[in-house]
Amino acid sequence: LQESESENKLDGETASDSESKSEFGGSSPVPTSDDTPEVLNRALSNLSSRWKNWWVRGILTLAMITFFFIIIYLGPMVLMTIVMCVQIKCFHEIITIGYNVYHSYDLPWFRTLSWYFLLCVNYFFYGETVTDYFFTLVQREEPLRILSKYHRFISFALYLTGFCMFVLSLVKKHYRLQFYMFGWTHVTLLIVVTQSHLIIHNLFEGMIWFIVPISCVICNDIMAYMFGFFFGRTAWGKLSPKKTWEGFIGGFFSTVLFGLLLSYVMSGYRCFTCPVEFNNDTNSFTVDCEPSELFQLQEYNIPVVLQSVVGWKTVRMYPFQIHSIALSTFASLIGPFGGFFASGFKRAFKIKDFANTIPGHGGIMDRFDCQYLMATFVNVYIASFIRGPNPSKLIQQFLTLRPDQQLHIFNTLKAHLVDRGVLGSLEDA
Amino acid sequence: EVDLEERLRELDLRSDLDIPDVPPPTDSTPEILKRALSGLSARWKNWWIRGILSLAMISGFFLIIYMGSFMLMLLVLSIQVKCYHEIITIGYRVYHSYDLPWFRSLSWYFLLCVNYFFYGETVADYFATFVQRREQLQFLIRYHRFISFALYLTGFCMFVLSLVKKHYRLQFYMFAWTHVTLLITVTQSHLVIQNLFEGMIWFLVPISSVICNDITAYIFGFFFGRTPLIKLSPKKTWEGFIGGFFSTVVFGFIFSYFLAQHQYFVCPVEYNSETNRFVTECEPSELFQMKKYSVPPLLRAVLGWETVNMYPFQMHSFALSTFASLIGPFGGFFASGFKRAFKIKDFADTIPGHGGIMDRFDCQYLMATFVHVYITSFIRGPNPSKLLKQLLILQPEQQLSVYKTLKSHLVEKGILQPSLRG
């Protein structure tokens with residue numbers, strides 16, 4: 001039964017797999033299963049299948065964007081939950097592809113083990129981040145305190161249990177399959193779980209660091225598509241024949257512009273620019289602070305070149321907008337490589353979409369493939385250029401050292417401060 | 001031109017038929033040994049070769065320990081590179097992908113990137129004073145993560161650009177294979193080096209315990225072995241397992257006792273900027289000072305002593321030996337399963353009689369991570385030099401407020417005497 005299933009899939013895919021036909025000139029590809037809601041089906045029943053596909057895509061796009069705005073409005077907690085759900089769904093999609101590729105759905109233990117590893121790695125990451133942000137809450141409750149003190153050891157023990165279960169589950173006939181699935185699971189975890197945790201780190205830095213990057217990637221996606229549709233002529237590469245240089249460059253400039261405008265609008269609101277903090281008294285998240293330098297309007301001199309074009313001598317901008325140029329540039333130039341990576345992956349394993357979750361678009365992974373590298377980039381960018389390490393975290397770590405180590409560090413810090421003139425040598429503040 | 005048959009066969013990886021049987025390994029025994037042993041039968045010859053090589057490796061190990069921390073670090077690095085090379089070569093053979101465009105260069109490039117990242121994160125902390133003096137190094141340290149990420153990204157983009165129509169799947173397999181290999185070999189080797197910096201004893205005792213467990217489990221199995229342990233490795237027996245466990249614990253105890261007496265092994269490794277060398281000199285911490293322990297009543301009857309003088313470290317060695325004996329073998333089973341899955345007898349032919357470097361180090365996989373997690377959870381907190389480095393890159397106002405907090409804390413604890421000036 002499995003053989004004939006794969007045969008059918010191959011046949012169906014061969015016909016629609018050739019990407020050389022553009023979606024507009026040739027026949028529209030037949031989805032493997034049509035899970036468009038009935039409502040839409042009836043509303044669009046009059047149109048030809050080509051336009052129907054367009055409309056479905058368009059309506060779903062608007063639906064997703066509206067949904068995005070709603071959850072932003074609902075606050076950080078809901079956002080975190082959504083990120084978590086997206087992560088689990090992406091993991092599930094990629095693992096299912098692995099099962100399909102290797103016909104390994106019935107491997108002993110393997111489904112359980114995959115979910116177990118997902119749980120372990122999430123436990124480890126959430127433990128590390130939650131401890132930092134919820135420090136006072138954790139210190140108050142005794143069981144939480146012990147869990148946090150020995151967190152790494154507990155996570156490692158949990159992971160080891162899974163590892164030993166894997167070794168014990170190795171069955172003579174299926175060694176290779178089992179190792180493949182083990183490798184597949186780990187690479188998936190590496191991609192999906194680490195990215196989602198970096199997104200949450202960025203979120204805690206300030207919602208603007210979450211919203212602007214994601215929006216830039218989405219904007220680039222849409223703009224490159226439109227520019228490609230209207231002006232596309234020169235093919236970009238053999239990997240994705242539908243991408244064109246015109247789309248690429250047009251997308252780049254639109255995204256930079258969009259980034260600048262979106263940052264300008266968002267920088268005015270505290271709920272976006274302030275770091276998310278957990279208030280122990282109200283037991284909820286608050287975003288209230290004195291906006292940092294990045295979010296205070298400053299006068300910039302326009303370079304002479306642009307002065308004639310724009311007509312102004314100076315302009316008032318937020319420093320954050322300059323950073324947004326870096327973020328948009330990355331989203332436009334390197335983000336697409338994530339998309340090519342996913343395209344290559346789909347071709348390698350002969351699948352059209354990661355799954356059928358979103359009608360007209362495919363799976364969740366299809367929407368998030370360009371976001372892969374963005375989250376890591378933003379996190380590295382923040383850590384390198386915006387802020388250094390978190391001072392309260394450093395104080396925490398300091399308190400766990402031995403007295404002689406503490407004294408050594410204190411003296412070195414003091415010498416450094418005196419050296420820099422921050423602390424007067426005779427002053428004993 | 002759709003070759004359905006071929007496509008079906010390609011997708012159906014259940015059959016192990018497409019993996020070529022590996023030709024018998026080339027005999028890399030040195031000529032001199034061959035001549036010396038030419039009189040014996042093949043079985044005993046194999047025994048002698050294994051025995052001689054084991055002694056050679058152990059002696060080499062002692063020699064390098066004598067030569068110091070820096071040589072040890074180099075040794076760990078070479079082993080890591082060799083293990084990586086061995087596993088990647090197996091991947092090439094399995095997938096017939098030796099001629100994939102760019103892939104060999106990309107694999108080595110990723111190895112370089114990941115090593116650069118890790119060495120920058122860990123080793124740079126230890127050389128803090130050395131680094132402070134040189135401007136260019138300061139720049140590299142300050143933006144280390146960004147530079148590492150940029151280097152990695154370059155490799156990633158090169159990979160995407162190198163995708164060739166006919167070879168997509170192979171290329172993705174090799175990409176994943178490379179990353180999993182990096183995850184296993186490079187992270188472990190860096191944890192080994194971090195353990196080393198904590199004190200050479202934290203490097204020597206775990207590795208020796210694993211080796212001891214290997215050897216004593218083999219000996220017990222040879223003489224007393226009857227009940228098989230696991231289907232994966234039919235040669236392993238319960239008698240060997242249990243005998244190896246007890247011997248390793250005893251060995252760990254005794255070995256720790258001897259090592260704990262010498263500052264050379266016990267002190268954290270530090271880099272002295274004046275002499276430009278590594279020094280291991282310090283006031284031994286509590287762990288390495290003799291204490292009187294009361295013997296529990298159970299053992300009192302057996303041993304006849306009421307109290308015993310032991311180093312606290314020996315209690316920790318008990319945990320390390322237990323892990324080496326109980327969980328270490330799972331690393332070995334994992335490697336056995338891997339070899340069976342890919343139909344190879346040994347990882348490579350580097351060491352005559354033993355196979356590749358990976359064959360010797362497979363049980364060590366999890367040991368290094370365990371020791372590292374153990375040290376950070378139970379022995380000491382975070383790394384002080386890393387903490388210092390992070391303090392020094394804060395903004396001056398932040399540094400000042402941290403300074404005040406620390407000072408009030410130290411005064412409160414009585415570590416720092418409050419005084420009128422500084």
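Reader: At what angle do helix 4 (residues 76–102) of chain A and helix 5 (residues 110–133) of chain A pack, and how far apart are their axes?

Author: Their angle is about 150°, and the axes lie 12 Å apart. An axis here is a line fitted to C-alpha atoms over the stretch in contact, and angles run from 0 to 180 degrees between N-to-C directions. Helices (H or I, at least four residues) and strands (E, at least two) are DSSP runs, numbered from the N terminus.

This is a predicted model, in which local features need pLDDT of at least 70, side-chain atom pairs count only at pLDDT 80 or more, and totals for chains, interfaces and linings use all residues. Residues are numbered from 1 along each chain, chains are lettered from A and ligands numbered from 1 in the order written, and side-chain values use heavy atoms without hydrogens or water.

Reader: Why are helix 4 and helix 5 of chain A called roughly antiparallel?

Author: Angles under 35 degrees count as roughly parallel, over 145 as roughly antiparallel, 65 to 115 as roughly perpendicular and the rest as oblique. The pair packs at about 150°, and these two helices of chain A are therefore roughly antiparallel.

Reader: What makes helix 14 (residues 319–333) and helix 15 of chain A roughly parallel?

Author: Their axes cross at roughly 25° and come within 3 Å, so helix 14 and helix 15 of chain A are roughly parallel. A:Phe330, A:Ala331, A:Ser332 and A:Leu333 of helix 14 meet A:Gly335, A:Pro336 and A:Phe337 of helix 15. That contact has 5 nonpolar, 2 polar and no charged residues.

Reader: How do helix 15 of chain A and helix 9 (residues 168–198) of chain B cross?

Author: These axes come within 8 Å and cross at roughly 115°, and the crossing is left-handed. A:Phe341 and A:Arg347 are among the residues of helix 15 of chain A in this contact, with B:Tyr168 and B:Phe172 among those of helix 9 of chain B. The classes here are 6 nonpolar, 1 polar and 2 charged.

Reader: What makes the phi of A:Lys350 worth a remark?

Author: Most residues other than glycine have a negative phi. A:Lys350 has a positive value near 55°, in the loop between helix 15 (335–348) and helix 16 (364–368) of chain A. B:Lys343 has a positive phi of about 55° too, in the loop between helix 15 (328–341) and helix 16 (357–361) of chain B.

Reader: What is the basis for the term "transmembrane region" at residues 320–342 of chain A?

Author: That label comes from an unreviewed UniProt entry, and such annotations may be inferred rather than shown by experiment. In the model, residues 320–342 of chain A are 96% helix and 0% strand, with end C-alpha atoms 31 Å apart. UniProt also places the feature at residues 313–335 of chain B, a span with 96% helix and 0% strand.

Methods: A crossing is left-handed if the near helix is turned anticlockwise from the far one by less than a right angle, and right-handed if clockwise. Contact means heavy atoms within 4.5 Å. Ala, Val, Leu, Ile, Met, Phe, Trp, Tyr, Cys and Pro count as nonpolar, Asp, Glu, Lys and Arg as charged, and the others, Gly among them, as polar.
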